[in-house]
Amino acid sequence: MEAHESVDFMRLMSEESTVSTLSSDSCEYYQTEIFDLLPSIQASRPEQNRHDFSEETNQGGREAREKSGQLSRGPRDKTSMQPLRNLAMCIQGKRGAKERRKLEVNDINFWESWRKSQSTNRKRVREQIKEALSGLVPWEHTLRTIEGKFGVGVKSYFVFLRYLIYLNLLHCVLIGGFIVGPSIFYRSDKYEPLSYNENDSALNFFLGTGYVNRSLVFYGFYTRGSLDLKCLNTPLLYLAGIFSIIFLSLILVVRRTTVGYKHTWMLGKRYSMNVSYKIFCGWDFTIQDPTAAALKHGFIRNDLKLFLEEQSFSLRAAQRTLREKVRLYLLRIILNLIAISLLGGAFYLIYFATQTSLKKGNSQPHWLVSLLFQYLPPITITFVNLVLPHIFRKISSFEDYSFTMQVNVTLLRSIFLKLASLGIYLFFVFTTTEQDAKCKENQFGREMYKLSIFNFLATFFSVFFFNYPRKLVQETYPRSLLARISGKQRFLIPFNVLDLVYSQTVSWVGVYYCPLLPVIGIVSLVVTFYVKKFSVMRCCVPEQRMFRGSSSSVLFHFMLLLGLFMCAATLGFNHYPLQSTEGRNASSCGPFRNEQTMFNVTGDCVKSLPSPAQTTIRYLTSEAFALPLILAEIIFLTSYVSRRRANQRAIERLKDMLVMSSSDKRFLVKQHATMLRQRNKQH
Amino acid sequence: MGTTASQLSKESLSEYQELTFLTKQEILLAHKRFTELLEKHEKDQIDARVPMGKIITLPELKSNPFKERICRVFSTSEQKDGSLTFEDFLDLLSAFSDSATLEIKSHYAFRIFDFDDDGTLDCADLEKLVNCLTGETNDAKLSSTEMKQLISNILEESDIDKDGTVNLSEFQHVISRSPDFVSSFKIVL
């Protein structure tokens with residue numbers, strides 16, 4: 001009990017006053033006679049009182065009018081400038097105000113009325129255009145149905161999916177413009193034309209070998225063509241395409257992340273208005289459909305309950321005794337150790353699979369066995385990524401975290417698992433492919449190609465061969481043991497988002513080696529959209545606890561950012577040795593063959609420029625420029641931080657002043673009321 | 001249709017345009033919808049009142065949990081029965097229109113949420129408000145401890161001067177920081 005009180009200490013002020021409303025309501029200041037006459041109340045309730053006042057003044061003569069004018073002078077000064085329709089009073093009251101303002105009753109002339117209706121019309125048209133455009137946005141209707149049935153959380157998954165499709169479309173445009181277009185157009189004739197050999201088979205599309213290997217899917221296709229100026233050649237365009245993809249994605253993702261971040265976390269705990277938003281802005285007054293209204297009720301209720309549950313959980317957490325704490329931390333350490341050992345095991349499995357695949361992949365007689373061995377690493381990675389997150393979820397439920405914290409911890413572990421397993425796989429591929437150096441980039445691209453194809457197949461098959469049969473079993477034999485064990489299916493947003501992030505990361509990492517990955521990405525994302533929609537609408541039941549929409553989307557984009565960084569790191573890692581030991585690593589295919597690297601291609605271009613441009617570029621890339629830049633950034637940041645601190649302090653002080661003056665007001669009003677009462681008794 | 005439109009004189013039409021946020025078309029449409037609710041013999045009277053029971057059957061208000069409060073707030077009736085004249089109806093539509101300012105909207109939102117009309121949102125008001133939002137049936141309502149916890153949270157956040165109630169300026173302070181209030185506080189015929 002004691003602990004409870006100490007936790008609630010912050011809220012003591014307001015609680016005390018709420019109690020007093022119940023105990024001594026006769027003395028509460030907003031129910032006293034003078035309360036209605038206070039200038040601040042006058043300002044907030046102009047309609048009723050002002051209306052009464054004006055009637056009173058008409059009867060009572062000049063003196064009362066003067067008095068009322070003095071009382072509410074402040075607000076009236078403000079309101080006298082506003083147009084009449086901005087006053088919050090009824091039409092009759094506005095008429096009175098108009099007369100009081102001694103405005104002549106000149107009716108609106110034609111010109112003015114026309115202008116007003118034009119401006120409203122323009123606004124309407126703009127809104128209609130916006131609506132029509134939002135109707136053009138694909139799947140808007142589907143999204144709305146999903147939101148109505150499953151809440152904002154599930155919808156945010158689909159919005160994220162759509163966002164990724166846009167992102168990939170942008171990538172496709174860039175690739176088409178910078179890489180594919182010029183390469184095909186200026187392709188020199190000395191290379192043999194692309195043809196379909198007799199020993200190519202459909203299997204090649206899965207393995208990325210044979211025909212596909214020679215086609216424009218992979219790095220090796222993009223040779224230096226006839227477009228061979230110093231500063232405009234296919235290798236340079238290739239580089240420009242890849243860098244613009246990475247750079248634009250970085251900008252877009254960072255922007256999305258910071259927008260969300262600003263809304264959720266930047267405001268800080270003391271200024272957060274989360275609950276008040278939910279209450280005061282909770283209802284959507286445009287809802288007309290009764291079923292939509294019922295959904296909205298349910299949604300608000302669940303949201304509030306989740307919030308309250310989390311709050312009472314943190315209260316309970318604060319009350320834990322030392323012994324409980326020690327036990328809990330021990331438990332958490334053990335569980336974390338289990339999680340780490342699981343991760344270690346998973347990484348070893350991936351290592352093992354990669355080794356086996358590389359040793360035995362090509363030397364198998366039967367094509368099916370060969371396919372299996374070729375696909376062993378993607379199968380292992382996808383399997384590990386499918387199973388371990390669910391184990392992590394079970395583990396985190398023992399750790400006694402709050403619901404959001406549980407979700408976040410599971411997400412953190414799973415994202416680590418996914419990215420690290422991908423990283424480890426990449427590392428093994430890098431280190432082991434050197435002996436077989438016919439076209440190393442193509443081989444690397446092939447691995448990424450296989451990963452993304454298999455990832456897509458896994459989503460597809462897990463829905464149609466796992467989720468849907470499970471649902472069918474439950475529907476046809478609802479009492480069977482199998483149905484009872486498997487339970488109801490829920491749409492686990494975090495894991496599904498993780499899958500998306502993972503496939504996007506693969507696409508980014510591989511885009512340098514396999515430029516058509518974004519196209520494959522678009523196709524698979526669009527199909528994924530429909531598959532997941534089917535899975536949600538047909539197989540899943542709505543979650544009882546709502547997943548937070550706003551904060552989660554920040555998390556999604558943050559994970560995406562991690563993927564992007566991983567891509568940049570891979571590219572850097574892959575190209576750094578190229579510079580140091582050029583002879584050993586010069587690649588034998590693609591745009592950078594014959595002793596060319598991305599560094600000397602750009603260097604040649606710079607050398608061909610006129611000398612002022614050369615010196616400028618040299619200066620921009622040198623340390624002499626970096627230092628002032630960093631200094632300037634530091635100065636800007638410091639000034640912003642100090643301004644923020646000053647504002648925060650001012651806000652604190654103003655809040656204190658507000659509390660003080662309001663308590664003064666309350667005291668005086670109460671005093672006045674008791675004096676009035678005493679005087680009435682004496683009379 | 002033509003006959004109902006002609007009932008509004010040109011002077012009153014331009015006056016309404018000056019005093020509300022509505023356009024000419026919106027006023028005419030409102031007039032048409034309003035006269036449909038009136039009894040036959042009332043159609044010629046300017047200050048005829050439509051009882052609250054009839055107003056809340058409008059499809060725009062039917063599924064709104066605050067429909068009765070909205071009628072009461074905009075009613076100028078002496079009996080406080082929530083009945084609306086045409087001008088009250090215009091007031092309502094003006095406050096909920098596209099072009100009304102945040103100031104006006106938040107003012108009327110405050111009055112709608114102030115169930116006992118005492119000028120502040122106290123605990124009882126907040127409780128009623130939360131019940132309206134979650135649904136009024138017994139299994140939809142929050143339990144009393146949950147309600148208490150929730151209200152103390154609301155007050156802690158938005159009761160800046162710590163007097164135990166949320167007054168208009170505190171309310172507007174909260175509203176002004178919510179990006180989607182203006183778009184959701186809207187009723188268009």
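**Fold, core and chain contact**

Biologist: What does the secondary structure of chain A come to?
Modeller: Chain A has 27 helices and zero strands, where helices (H or I, at least four residues) and strands (E, at least two) are DSSP runs numbered from the N terminus. The model is predicted, so local features need pLDDT of at least 70, side-chain atom pairs count only at pLDDT 80 or more, and totals for chains, interfaces and linings use all residues. Residues are numbered from 1 along each chain as its sequence is written, with chains lettered from A and ligands numbered from 1 in the order in which they are written.

Biologist: How much of chain A is buried?
Modeller: Buried residues (20 or more other C-beta atoms within 10 Å of their own, C-beta atoms being placed from the backbone) account for 27% of its 683 residues.

Biologist: Which residues touch the most other members of the largest nonpolar core?
Modeller: Among them are A:Val154, A:Met448 and A:Tyr513, in a core of 71 residues. Such a core is a set of buried Ala, Val, Leu, Ile, Met, Phe, Trp, Tyr and Cys residues joined through C-beta atoms within 7 Å.

Biologist: And which helix gives the most to this core?
Modeller: Helix α9 (residues 140–185) of chain A, with twelve residues.

Biologist: Now the two chains: how many residues does each bring to the contact?
Modeller: Chain B brings 70 residues and chain A 55, a contact being two residues with C-beta atoms, placed from the backbone, within 7 Å. On the side of chain B that touches chain A, α10(B) gives the most, with ten residues.

Conventions
Buried ≥ 20, exposed ≤ 12 C-beta atoms within 10 Å, placed from the backbone.
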